[in-house]
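Look over the sequence and the model before reading on.

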Amino acid sequence: MNKKCVYIYTIGCQMNVYDSEMFKKVLRPLGYIPVDEVEDADLVIVNTCTVRKKAEEKAFSFLGRMRALKKKNPELIVAIGGCVAQQEGSAILRRMPYVDLVFGTRAYARLAAMVEKFEYDRIPVVDVEMTMGITDATPIPELDAEVEVSRFVTIMRGCDNFCSYCIVPYVRGREESRDPDAIVQEVRDLVERGAREVTLLGQNVNSYGKKEGLCDFPELLRRVSEVEGLARIRFATSHPKDLSPGLVAAYRDLPKLCNHIHLPVQSGSNAVLKKMKRKYTREDYMQRIENLKAVRPDIALTSDMIVGFPGETEADFDATLDLVREVGFSGIFAFKYSDRPHAPAAKFEGKVSEEDKTRRLAKLLDLETELSEKRNISYAGTTVEVLVDGHKEVKGVFQWTGRSSCNRVVNFTEAGKPTDGNLVGKVVPVYIETGLPHSLRGVLR
Ligand code: 5AD
Ligand code: SF4
């Protein structure tokens with residue numbers, strides 16, 4: 001078998017990062033080795049996102065660059081996968097004839113066969129079928145060498161919520177959960193090869209297993225938590241409407257569950273939440289946070305926010321700023337509303353001007369920096385447990401890097417403490433000396 005090279009460019013969410021790892025695994029039996037330089041590749045794959053227009057444009061601009069590369073090397077295979085591929089299908093081949101393979105969000109189990117066929121007959125292939133059973137997602141662990149300290153594990157795919165602004169249900173299909181045994185096995189395999197933390201991924205993890213009558217999400221957390229050698233569990237993303245008493249109990253009972261939850265609220269205005277079809281009010285959201293704080297008083301909260309949703313007034317936006325302050329989020333991801341194909345909000349009246357969206361976004365991000373810094377400063381003088389994931393040198397000074405349970409980036413020095421060499425993969429106590437806007441700095445305890 002000839003050695004061939006594959007270059008993968010990943011855009012978008014953590015699930016795409018996980019899927020790109022899967023592409024590498026399914027292509028390995030064909031002889032494809034991953035490379036870091038696109039110029040070295042025999043096969044280029046762009047794994048795409050379409051949640052906002054900007055992400056979609058990024059994919060097309062990357063593919064545009066592939067045109068010149070293909071001119072230089074006509075043998076090069078150019079493939080597009082993920083959400084843009086799912087959305088556009090064969091239209092991509094019409095628009096960009098130098099693209100060879102288009103595969104959708106549930107087609108990667110068939111990716112190797114597509115590539116093999118194309119190598120043989122050079123006839124472009126489009127596969128945007130939504131038919132793959134989710135259990136096909138099980139990776140092939142024995143092909144992998146050592147893995148990183150923190151890894152993603154997809155537990156479910158798709159979404160049934162149909163929030164009015166969102167394209168995800170249309171490009172990722174209906175919710176489908178993986179078998180819990182397969183998930184636990186995957187976590188075990190990862191831990192055996194060096195992982196200490198897993199992040200369980202799904203568009204709406206709280207509804208895990210419900211449709212299929214599998215175990216529910218809190219039970220899955222319990223089962224994953226029993227994996228020996230695993231130090232930490234995170235998950236993303238959970239929908240506030242489905243945050244159950246069972247999940248609160250999991251936070252109470254499972255020490256491996258990190259002291260952080262990403263709970264996207266999107267807006268602080270009830271009128272906007274209603275139009276977004278989020279199915280909760282601001283008051284419901286606050287109540288869920290109270291429930292979590294009752295069992296984890298210092299839990300760190302992060303959120304996604306959309307500014308400039310159709311019809312959003314200044315008063316609505318002020319309500320968002322007010323909510324952000326009231327909750328005291330330790331981080332937010334804020335986005336300007338973007339019209340998406342199929343999503344009902346694209347046809348809503350009262351579109352907000354680009355200037356207003358830009359101004360509101362800047363204001364929200366200023367507030368986020370202020371709150372994040374305030375929260376980080378509050379850690380100064382305390383000791384936090386850090387899962388070490390690497391090291392770097394800053395101005396000639398050696399520093400270890402990692403994350404606290406509450407998901408803050410922590411950089412620290414050994415300060416002369418005796419260590420047994422490599423700290424990567426270990427959970428160590430770090431005394432925090434300084435809280436910076438986006439990280440903590442400290443010394444090993
Ligand atoms: N416009 C702007 N942001 C969006 N998101 C989803 N759809 C849109 C859209 N049409 C944001 C939401 C979601 C995050 C992943 O992306 O905040 O939580
Ligand atoms: Fe999109 Fe709403 Fe589903 Fe999240 S819950 S993926 S925002 S439809």
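Q: Where is Gln 266 placed?
A: Helices (H or I, at least four residues) and strands (E, at least two) are DSSP runs numbered from the N terminus. Phi of Gln 266 is near 75°, a positive value in a residue other than glycine. Its place is the loop between strand 12 (260–262) and helix 10 (270–276).

The model is predicted: local features need pLDDT of at least 70, side-chain atom pairs count only at pLDDT 80 or more, and totals for chains, interfaces and linings use all residues. Residues are numbered from 1 along each chain as written, chains are lettered from A and ligands numbered from 1 in the order written, and side-chain values use heavy atoms, without hydrogens and water.

Q: Are helix 9 and helix 11 roughly parallel or roughly antiparallel?
A: The axes of helix 9 (residues 245–253) and helix 11 (residues 282–295) come within 8 Å and cross at roughly 25°. Angles under 35 degrees count as roughly parallel, over 145 as roughly antiparallel, 65 to 115 as roughly perpendicular and the rest as oblique. Helix 9 and helix 11 are therefore roughly parallel.

Q: How do the residues of the shell around ligand 2 divide?
A: The residues around ligand 2 (one heavy atom within 4 Å) include Cys 159, Phe 162, Gln 203, His 239 and Arg 278. Ala, Val, Leu, Ile, Met, Phe, Trp, Tyr, Cys and Pro count as nonpolar, Asp, Glu, Lys and Arg as charged, and the others, Gly among them, as polar. The shell divides into seven nonpolar, three polar and one charged.

Methods: Axes are lines fitted to C-alpha atoms, for helices over the stretch in contact, and angles run from 0 to 180 degrees between N-to-C directions.
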